[in-house]
Amino acid sequence: MTALFDTLASAGLWAATLRIATPLIFGTLGAVLCERSGVLNLGIEGIMTFGAMVGWLTVFNGGDLWAGMLAAALAGAAFGLLHALLTVTLGLSQHVTGLGITLFASSLSYFLFRLNVPLASSPPTIEPFQPLSIPFLSDLPFFGQAVFTQTAPTYLAILMAVFMTYVIFRTPLGLAIRMTGENPHAAEAQGINPVGIRYGTIMVGSALMGTGGAFLTLSAFNSFFPTMVQGRGWICIALVVFASWRPGRALLGALLFAFFDAFQLRLQAALGGIIPYQIFLMIPYFLSIAALAVMARRARVPQALMQPYRRGER
Amino acid sequence: MRLERRSHRPLFLVLVSPLIAIAAALAIAGILIAMAGAPVLEAYWRIGVGAFGSRLAATETLTRATPLILTGLAAAVAFRARLWNIGAEGQFYVGAITVAALGSGALSSLPGAVLIPILFAAGALAGMVLMLLPLWLRLRFSVDEVVTSLLLNFVAVLFVSLLIDGVLKDPLAFGWPQSLPVGDHALLPKLIARSRLHIGLAVAVAAAVIIHLVQSRTVFGMRSRAAGLSPAGAVFAGVPFGRTLVMVACLSGGLAGLSGAIEVMGVKGYVTTDLSPGYGYSGIIVAMLANLHPVGVIAATVFTAAMFVGADGMSRALGIPSYIADVTVALSLLTMLIALFLTQYRIRR
C-alpha cells in the first residue's frame, strides 16, 4: 500500500503521464477537428506512422527538430488532402478509405525509411528535443518538476487544445465547422461552403496527427522502427468518443488515459515477477474499449458524421 | 466538371474495374521504384518470375494465398452486411493459438481424420468468440465496431505472446518464444509433393464457393445483403436484423479463425507472434479488390500473394525494399475504390 502511494507521489509518474499523453493529445485533437465537420478519418494510424518517419528522417538528414515537426505536419496535410478528395469530393466510404490510407501511409513509411536507412542491428538515432524548464514554475516543489520540465511539443499540444476550444466554440469559423458536421445542407443555405470546410478540417486535422506521430521519434524516442505507433491512432479515435467531440475533454481524456498507462508501466516494474507483462500491455486497449462502451450512447455525435455531402443530392 | 450518377452500372465496367485498379496501382508504385533508381519494368518482371517463374515459386505463392483467401472472405462477408470487421488479424491469432493448445496436448493422439476437423472447428470457434465481443458492444451500446475490433487485434497478439511465453512455451525452442508444436496427426497433408502447399488451399477454395452459394441462394444470404444495403429497410421488410448480424459476425470471425488454424496446421506446426505478416489487414484489401464477391476473392488473393512472394527476390536483386509490395497492394485498395466509384458515376463537363 505504501509502495502504491510512493508511486503516485513520485514526480516521475506525472512527468511520464504528460509525455505519454502528448501524441494522443495531438492525434485526438486532429480527429476531433475532422469529425466535427462530419468526416471520420481512420487514416490516423498511418498518418501518425508517416509523421514519425518523415519527422525523424528530416532531422537525421541534418534538418532542425522544428523542421522535422513541420515536415510531419505537411506530410499529414498531404494525406489529409487525399482523404478529402476520396471522401468529400467522391463521397466514398469513410471507413474503407481511412483504412486504405492507413495501410498506404504506413507501408510507404516503411518503404521510404528502409530506402534511406539500410537494415542495421541497432537503428540509427538522432538528438531529440531536450526538456525545457520553464523559469520559476519548474522550481515549484513537486509539480514544478513533474509538469514544467517537459519538451516544447508537449506545451504546444496543451496550448493547441485551448486554442481549438476557442476556435470551435467562440469563432464564426468554429460555428461553420460545427454546422457542416451537423447539417451540411443547412450550412450551405447559410452561405457556408461545406466542401471547403471539410477539406480544411481534414487537412489541418491530419497535420495535427502527423505532428503527434513526429513527437514519438523526435521527443519520446530518438529512432524510428516499424509498428512503433502501436495502435495509438486507434486509441485516439476511441478518445474522440470519450471526449464527446470536445477539444478540452480530449485533453483531459488523453491525460487520464496516459496516467493509467504510466501507472501500469510502474506496476509492471513492481509486479513483473508475479503477473506477466503482457497483461499490463493489454490494459490500454481494454481501457479504450471500456471508455467507448460507457460513452457511446451518452455522447452527442455530430449528426452528419460519415454522411457524404453532394450538392443537390439527399 | 461535375459528377453524374449513371442510371445503371455497366456490368463490363464492374468486371474490369479490378484490373484497371491494379494497373493504376502498379503504375504509381512504378514511380516510386523509378525514384529509388531501379528499372521499373525489370522490377515487375522479377516480381512475376519470383511469384510464378518456377514450380517452387508458384507453390509458394499459393501457400501464401491460402490463409489470405480465408481472411479475404472474412472481410467480404462482413462488409457485404456493412459489419466492419477489421479484427481478422486478431481472430487469425486466436484461431492459431487455440489449435496449438489443443493439437499439442490431450487430443494429439487422435487419428488425423478425426483430429483435423476438430481443430478446424476449434480455431473457427475461437475467431467467432473474438468477433462477438465487438458485435455485442455495437448492438448493446451502439459502439462502432471498427475501433473495437481493431483494438482487439493488439489484445489478441499480446494474449498469444503471453501463452507462448508461459504455459504453451516450447521448452525445446532454445528460449525463443514459440508455442509447443502440434502433433504429427494434426499436420495437414500436402497437396503437391516436395512443396509446402497443403490441402488448406482446397479448404479455402471450397469455402469461397460455398459462401458464394449461401449468399446467392439462401434466405440468410439475402438477409445479410439487405442488412448491408439498408438497415432500416431490412427491418421494415421483416429481416431479423440483430440475429442476421450475429450470424454474419460468426461467419466472418469463424473464417478468420479458421485461417489461423490452417496456417499453423499446414505450414509451421507452431505459433509465433509473427505467424501472420498482416493477413488480417491484407484480407480487407483482397475483399475490396474482389468487390466483395467470394469467388473474386480467390483471384484477388493470387495477385496480392504474388506481389508479396515475388517482391522478396526482386528486393534482393535490385536493392528495392520489399515493402514496395505492401505499398502497391495498399494503393490498389485506394485505386479500386475510385474505379468502383466510376462504375456508378460518370464525369461530365
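**Group meeting: a cavity, an interface and a salt bridge**

The largest cavity in this structure has a volume of about 30 Å³. Before going on, this is a predicted model, in which local features need pLDDT of at least 70 and side-chain atom pairs count only at pLDDT 80 or more, while totals for chains, interfaces and linings use all residues. Residues are numbered from 1 along each chain as its sequence is written, chains are lettered from A and ligands numbered from 1 in the order in which they are written, and side-chain values use heavy atoms, with hydrogens and water left out.

Back to the cavity. By cavity I mean a set of points, on a 1 Å grid over the protein atoms alone, where a 1.4 Å probe fits but cannot get out; lining residues have an atom within 4 Å of a point. The volume is the space filled by probe spheres set on the points, and grid points are joined across faces, edges and corners. A search of the whole structure finds 1 cavity of 30 Å³ or more. Its lining consists of B:Val77, B:Gln215, B:Phe220, B:Ser224, B:Val248 and B:Leu251. Helix H8 (219-229) and helix H10 (241-268) of chain B are the elements that give two or more residues to that lining; helices here are DSSP runs (H or I, at least four residues), numbered from the N terminus. By class, the lining has 4 nonpolar, 2 polar and no charged residues.

Next, the interface. Contact, meaning heavy atoms within 4.5 Å, joins 45 residues of chain A with 43 residues of chain B. The area buried between the two chains is about 3,900 Å², and carbon and sulfur atoms give 83% of that; buried area is the accessible area (1.4 Å probe) lost on putting two parts together, summed over both. On the chain A side, helix H4 (65-89), helix H5 (94-116), helix H11 (232-242) and helix H13 (277-295) each supply at least two residues. H5(A) gives the most, with 14 residues.

How many salt bridges are there between chain A and chain B? The count is 0, where a salt bridge is a side-chain nitrogen of Lys or Arg within 4 Å of a carboxyl oxygen of Asp or Glu. Over all chains the count comes to 7. A:Arg300 pairs in this way with A:Glu182, the closest N and O atoms being 3.3 Å apart. A:Arg300 lies in the segment after H13 of chain A and A:Glu182 in helix H8 (residues 172-182) of chain A, so this pair ties together parts 118 residues apart in sequence.

Methods. 1 Å grid on protein atoms, 1.4 Å probe; cavity = no way out; pocket = protein on both sides within 12 Å on 5 of 7 lines; lining within 4 Å. Nonpolar A, V, L, I, M, F, W, Y, C, P; charged D, E, K, R; others polar.
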